[in-house]
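Take a look at the model below. This report walks through a few of its local features.

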Amino acid sequence: MRVDDGCFVGLYLQKHLSFYNRLLLREYQEAHGEVGQDLKKRIKFRTKRQDGSSYKSEEVSEGKVRLDLDGVKAVEKELLREFVRICEKNGLYYTLCGGTLLGCIRHKGFIPWDDDIDVLMPRPDYDKLLCGEADLSTLPDHVKVVCWKDGSMNFPFIKLVDMRTEVKVDYFDERYHVNHIWIDVFPIDGNTDDRATCVANCRKIHLLRHILTLKMSKSGEGKNYLKAALKPVAKVFLRPISMQYLCRRIDELSKSYPFDNDRTAIGYLWGYGPQEAIDREKFMAPLLREFEGEMYQVPSNYDEYLSNLYGDYMQLPPEEQRVVHGLTAYMKK
């Protein structure tokens with residue numbers, strides 16, 4: 001079954017979910033939304049350890065310890081190193097992206113209140129990793145590459161995960177989310193020179209993303225009582241649409257155009273929208289910039305990329321917007 005313009009998903013939603021359409025279009029933001037004061041009380045924040053030798057922050061049982069924010073970041077930095085080794089071994093191109101690139105340029109490391117790492121790969125290289133063509137033999141046993149293609153996760157992209165860890169994520173049902181600390185690997189795809197067509201493709205992909213994240217979200221939870229009450233009803237109607245199908249269709253739409261189709265490239269699959277389109281040749285010309293004391297690749301047109309996404313990106317946001325993701329993490333002993 002294939003979702004074409006205005007076909008299965010659109011007709012299905014029109015027939016069964018017209019009342020919920022406005023809510024659905026906000027589900028992605030809600031699933032990744034900001035967290036409140038209650039979460040800040042639950043996560044134990046600390047300054048960096050003096051010796052930097054341990055991830056452990058708080059013992060919770062014989063078998064595992066609770067990780068503080070620094071502990072989570074330390075695991076993610078190891079995953080990033082392993083990812084770069086894969087790229088170097090297989091001749092694959094990557095750059096930091098999103099908030100990770102912003103932190104790299106503005107802070108020379110993580111955004112202080114952020115706790116994730118995102119990287120971009122050009123579609124041809126990304127597909128080698130996605131389809132199992134890359135040599136992963138040098139990865140340590142506790143590091144795994146997971147993706148929708150082999151059924152090991154329900155997001156339409158790739159994650160590197162540390163199997164020694166466990167995580168609980170606000171908003172997502174634990175049965176469907178990745179339950180280990182991860183870094184995200186996204187493709188950047190070819191684009192069209194027709195902006196209206198680009199916008200239309202982004203909208204189709206975003207709708208499918210909203211549906212996918214709604215299906216993965218926790219029932220009975222929402223930013224207000226009405227949304228929390230309506231979410232289980234909407235999920236019942238969406239049950240016939242499988243997560244695997246949604247991932248496959250999002251991936252298909254994202255690579256609608258060959259990588260070298262136009263002068264621009266864009267993160268259709270899980271990106272920010274048409275404003276993320278940037279000059280392809282400059283993107284493929286890397287610079288090395290410091291991130292957490294080590295040097296990593298960034299696109300030579302990082303200023304264009306960050307300005308398109310964040311405006312005056314060197315300006316810090318208001319304090320009320322400096323929030324951490326809803327993640328609680330543990331390390332197995």
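This is a predicted model: local features need pLDDT of at least 70, side-chain atom pairs count only at pLDDT 80 or more; totals for chains, interfaces and linings use all residues.

Residues are numbered from 1 along each chain as its sequence is written, and side-chain values use heavy atoms, with hydrogens and water left out.

**Cysteines**

A disulfide is a covalent bond between the sulfur atoms of two cysteines. Here the term means a pair of cysteine sulfur atoms within 2.5 Å. The whole structure has zero disulfides. Take Cys-131: its closest cysteine sulfur, in Cys-147, is 8.2 Å away, so the two are too far apart for a bond.

**Accessibility**

Buried means under 20% relative accessible area, exposed means over 50%, and partly exposed lies in between (1.4 Å probe, protein chains only).

| Residue | Relative accessible area | Class |
|---|---|---|
| Cys-87 | 2% | buried |
| Asp-184 | 7% | buried |
| Cys-131 | 42% | partly exposed |
| Pro-112 | 44% | partly exposed |

**Asp-184**

Asp-184 sits in strand β8 (residues 181-190). Strands are DSSP runs of E, at least two residues long, and helices are runs of H or I, at least four; both are numbered from the N terminus. A polar contact is a pair of N or O atoms within 3.5 Å; within protein, one must be able to donate a hydrogen and the other to accept it, and residues adjacent in sequence count only if both atoms are side-chain atoms. The Asp-184 side chain makes one with the side chain of Lys-159, at 2.6 Å. Another, at 3.3 Å, joins it to the side chain of Trp-182.

**Pro-112**

Pro-112 lies in the loop between α6 (98-107) and β4 (118-122). Contact means heavy atoms within 4.5 Å. Beyond its neighbours within four places in sequence, Pro-112 is in contact with Leu-69, Lys-73 and His-107. Pro-112 and Arg-322 are 210 residues apart in sequence, yet their C-alpha atoms are 8.7 Å apart in space.

**The helix pair**

Two packed helices are described by the angle between their axes and the distance between the axes. The axes of α6 and α12 (residues 302-310) come within 11 Å and cross at roughly 115°. Axes are lines fitted to C-alpha atoms, for helices over the stretch in contact, and angles run from 0 to 180 degrees between N-to-C directions. Which residues of α6 meet α12? They are Gly-98, Gly-99, Leu-101, Leu-102 and Ile-105, and their partners in α12 are Tyr-302, Tyr-305, Leu-306 and Tyr-310.
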